[in-house]
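Subject: Structure for you to look at

Hi,

Here is the structure I promised to pass on. Please open it alongside this note.

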Amino acid sequence: MLGDTDPGASRSGRDELETLADLAALLTPIPFTGRIDGDDAELADVRQTRDLLRRVWTLGRDDAVTEVNRMLREAKALPQLARHDVSDWHLHATVPEAPLGERMRVEAALALIDVIRSNEMGRLRLCEADDCTGLVLDLSRNGSKRFCSVRCGNRMNMIAFRERQAADTTD
């Protein structure tokens, strides 16, 4: 996920969107169609998109609406159904020639529309692990997901276990 390439959220602990090679690696498993320039300007735009999406992730519902509408307005988004390659019908709202960062912002905005309309912004959170700022999309039935990954959950559980063990030995 784009938002988790941030140094505070990445598995490696580094900015995983620092170089053009990083951008290419991010795009490899994602079937983005259309224009991909592979240059420094595109990298900077995608990095700005990452920062914007990380910020929107933490906003309240009304503030998120303002940002989503701005993203769509700036791109002159016009949602349309499209089918290509191996993908069945899905939404596109920009032309394939639009810059990659803009297409990413618009696709994220389209997804956020459903979250906002369902009044489920509370399911978008930051990881509760002490040293992680990973994004959490909580799809659990009871809305109780706290960590961005099993790795963070296990690490925090181990820390809590050790703290309890230490407390037991001092009693």
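First, a term: buried means under 20% relative accessible area, exposed over 50%, and partly exposed in between (1.4 Å probe, protein chains only). Helices (H or I, at least four residues) and strands (E, at least two) are DSSP runs, numbered from the N terminus.

This is a predicted model: local features need pLDDT of at least 70, side-chain atom pairs count only at pLDDT 80 or more, and totals for chains, interfaces and linings use all residues. Residues are numbered from 1 along each chain as its sequence is written, and side-chain values use heavy atoms, with hydrogens and water left out.

Helix 5

Helix 5 covers residues 150-170. Its expected span (1.5 Å times one less than its number of residues) is 30 Å for 21 residues, and its end C-alpha atoms are 30 Å apart, which agrees. Cys152, Gly153 and Met156 are buried in helix 5. Seen down the helix axis, the buried residues fall within an arc of 100 degrees, so they line one face. That arc is taken from the directions from the helix axis to the C-beta atoms. Val150, Arg162, Asp168 and Thr169 are exposed on the other side of helix 5.

The core

The largest nonpolar core has 31 residues. Such a core is a set of buried Ala, Val, Leu, Ile, Met, Phe, Trp, Tyr and Cys residues joined through side-chain atoms within 4.5 Å. Leu23, Met71 and Met104 touch the most other members. Helix 1 (20-27), helix 2 (40-57), helix 3 and helix 4 each give two or more residues to this core. Helix 4 gives the most, with nine.

Two positive phi values

Most residues other than glycine have a negative phi. Lysine 76 has a phi near 50 degrees, a positive value. Lysine 76 sits in the loop between helix 3 (61-74) and strand 1 (80-84). Lysine 76 is exposed, at 71% relative accessible area. Asparagine 119 also has a positive phi, about 55 degrees. Its loop runs between helix 4 (100-117) and strand 3 (124-126). Asparagine 119 is partly exposed, at 49% relative accessibility.

On the surface

Best wishes
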